[in-house]
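Here are a few friendly notes to read alongside the model. Keep the 3D view open and find each residue as you go.

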Amino acid sequence: MPHVDTHCPYCALQCGMRLEGTRVAPRDFPVNAGGLCQKGWTSGDLLRGGDRLTTPLVRRGGDLAPASWAEALDVVAARLRDLRSRHGADSVAVFGGGGLTNEKAYLLGKFARVALGTSQIDYNGRFCMSSAAAAGLKAFGADRGLPFLVTDLAGADVVLLAGANPAETMPPFVQHVRGAELIVVDPRRTPTAELAGLHLAPAPGTDLALALGILHAVVAEGHLDKSYVDLRTAGFDEAWRIAASWWPERAERVTGVSAADQRRAAELLGNARNAYVLTARGTEQHATGTATVGGWINLALALGLPGRSGSGFGCLTGQGNGQGGREHGQKADQLPGYRKIDDPAARAHVAGVWGVAPETLPGPGRSATELLDALGRDDGPKALLVFGSNVVVSAPRSSAVQDRLSALDFLVVADFVLSETAERADVVLPVMQWAEEDGTLTNLEGRILLRRKAVDAPAGVRSDLDVLHDLATRLGQPADRFPTHAREVFEELRKASKGGAADYSGITYDRLRSGEELHWPVPAEDHPGTPRLFLDRFAHPDGRARFAAVDHTGPAELPDAEFPLQATTGRVLQHYQSGAQTRRIAELVDVVGEVFVEVHPETAARAGLEDGGRACVRSRRGETVARVRCVGSLKPDLVFLPFHFPGEGRANLLTNPALDPVSRMPEFKVCAVALSKVDEEVDA
């Protein structure tokens with residue numbers, strides 16, 4: 001059987017791999033250099049899954065029953081027409097995903113705005129990269145997770161990782177930073193923190209205070225790059241007026257990180273020839289996430305790192321197409337090319353490509369959390385179409401999300417398995433997964449990749465592009481407005497993105513197939529791409545980066561007598577996102593098959609818990625039951641739960657939906673909880 005060179009279905013590193021049928025082998029590709037993590041090695045098992053959906057399902061008499069494609073699509077179109085005629089275009093909402101290819105994300109946004117005419121579209125990337133994106137746009141004028149190459153990190157003397165645990169979340173990444181002195185900012189002693197020369201463990205929700213303390217030390221100890229600040233930035237004085245009051249001893253009282261360690265971090269970064277500051281979800285998934293990322297950007301700017309060869313600031317994008325998925329129109333406020341939907345020039349350009357009048361395009365809609373909370377309410381959507389997301393497990397305060405789904409008149413889910421969200425749908429549409437069709441993705445460094453078809457999809461399964469086409473034509477759209485072949489969709493995406501910040505107009509499938517390394521922007525077919533942004537100027541009109549005048553305010557919810565502990569959530573090596581894929585792979589489930597809660601041994605003892613026993617973890621929003629793991633390195637007032645598991649094991653039954661005022665990111669990373677023992681016999 002011939003092999004096909006393609007890419008992993010999981011994280012934004014997009015490791016290169018080779019498929020022979022469903023057999024996986026690594027290949028030499030810059031980001032992974034021949035390595036794969038356990039998830040990548042076992043990803044071929046997804047293509048052999050025994051519980052694969054192969055026929056549409058329609059709910060009849062309370063149960064989902066098999067139906068033909070024609071019947072299922074007719075039911076969907078009829079219900080959508082009825083709801084739109086009775087309640088208006090915004091009565092139908094769309095929810096996308098950061099794992100969709102660029103082509104699917106693009107066509108989904110077009111389908112929502114043109115075929116449905118709704119403003120109510122957002123996606124699960126709002127839960128992932130929105131705070132980093134908002135802070136990057138404000139600081140640099142453009143948002144590309146890494147505005148440099150992953151391989152550039154190998155030349156660093158010092159790398160600060162804030163809220164990042166790549167040793168578990170993207171293991172092949174770690175090889176690129178092994179030669180650097182690592183400073184890891186994380187409340188837990190993670191596998192990444194074990195690699196660090198300096199581990200800073202702030203209390204959850206205090207990362208901004210820590211960034212301010214280190215910035216104070218940088219300036220006070222003479223490490224400010226004043227010539228860089230004067231020539232390439234704006235706003236330092238306003239930012240410094242706040243940071244000047246955050247001497248390290250004050251930051252220590254708030255964060256728990258010693259002033260000496262803060263000064264040590266400042267010294268390491270200040271004396272390095274080449275250094276990077278990188279953030280990830282741990283520092284971003286807060287109600288103050290945008291400001292917190294802005295604090296880390298301030299530190300990098302004060303040191304003169306962004307836009308300098310061999311140094312920089314970046315964010316580690318999480319989902320497989322977390323970068324491309326936030327560029328081409330499935331966000332509530334966005335049009336293709338990273339354009340704003342309320343920009344008249346952007347509306348005119350995209351409407352021209354789509355062949356519609358600009359005034360027919362809706363304006364901005366609700367963000368993901370707000371959209372989910374509005375479902376089924378008097379002023380909210382009555383129907384929801386979900387593509388590539390499992391919100392019952394992944395959304396904050398997930399019991400309330402489940403209630404809102406139940407309040408809908410109509411729920412449609414397109415997925416390749418019967419996820420926890422699909423189980424609640426009125427219509428389920430079986431669609432293709434990775435390796436069953438061509439499509440492009442954009443990895444964490446802004447490189448556009450062609451993920452190629454390697455196997456045939458099971459009989460009865462269709463592409464999301466086919467689904468969107470068939471629904472659009474049933475809703476009265478001309479057939480040629482919604483292409484079904486990925487290459488045709490990409491050709492249109494090129495035109496729609498032309499002139500935008502994320503300009504793909506010079507990228508073609510032929511260039512990608514030939515192996516060209518193309519990082520956006522690529523404004524012409526003879527353009528080599530832009531592997532490193534900002535070397536000459538930043539993307540603001542004056543070419544300068546912006547400091548952010550940000551101050552620490554702390555978590556939205558604090559512990560009290562009833563809920564005396566803080567909980568944080570995250571990923572483990574063997575699982576990915578809501579677990580809808582990885583929980584179906586036996587090798588991964590054998591290692592981690594159920595939710596657990598990490599607890600300090602003394603805290604466990606006070607709650608009457610034993611290692612290996614079961615605990616009830618309770619917050620103001622709900623409770624979950626988890627297996628106890630006693631971890632001596634954990635802070636006594638902190639517990640940790642992975643968020644990959646369904647049912648009563650959902651960590652997001654606990655999490656706080658408090659939103660960042662700019663990015664609308666929920667506060668996944670800290671909430672107040674209490675622990676109690678679960679009697680195994682009574683529970684059984």
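1. Begin with α3 and α18, which are roughly parallel to each other because their angle falls under 35 degrees. The axes of α3 (residues 102-116) and α18 (residues 464-474) come within 10 Å and cross at roughly 15°. Helices here are DSSP runs (H or I, at least four residues), and axes are lines fitted to C-alpha atoms over the stretch in contact, with angles from 0 to 180 degrees between N-to-C directions.

2. A word on the source: this is a predicted model, where local features need pLDDT of at least 70 and side-chain atom pairs count only at pLDDT 80 or more, while totals for chains, interfaces and linings use all residues. Residues are numbered from 1 along each chain, and side-chain values use heavy atoms, without hydrogens and water.

3. Which residues of α3 and α18 make the contact (heavy atoms within 4.5 Å)? Among them are Leu107 and Phe111 of α3, along with Leu468 and Leu471 of α18.

4. Of its 61 residues, Leu80, Phe111 and Leu429 touch the most other members. Helix α3 gives the largest share, 8 residues.

5. Now look around Leu429: leaving aside neighbours within four places in sequence, its contacts include Pro56, Trp69 and Val467.

6. Finally, find Pro521 in the loop between α20 (509-513) and β21 (545-546); strands are DSSP runs of E, at least two residues. Beyond four places in sequence, Pro521 is in contact with residues including Ala501 and His527.

Conventions: Angles under 35 degrees count as roughly parallel, over 145 as roughly antiparallel, 65 to 115 as roughly perpendicular and the rest as oblique. Contact means heavy atoms within 4.5 Å. A nonpolar core is a set of buried Ala, Val, Leu, Ile, Met, Phe, Trp, Tyr and Cys residues joined through side-chain atoms within 4.5 Å. Buried means under 20% relative accessible area, exposed over 50%, partly exposed in between (1.4 Å probe, protein chains only).
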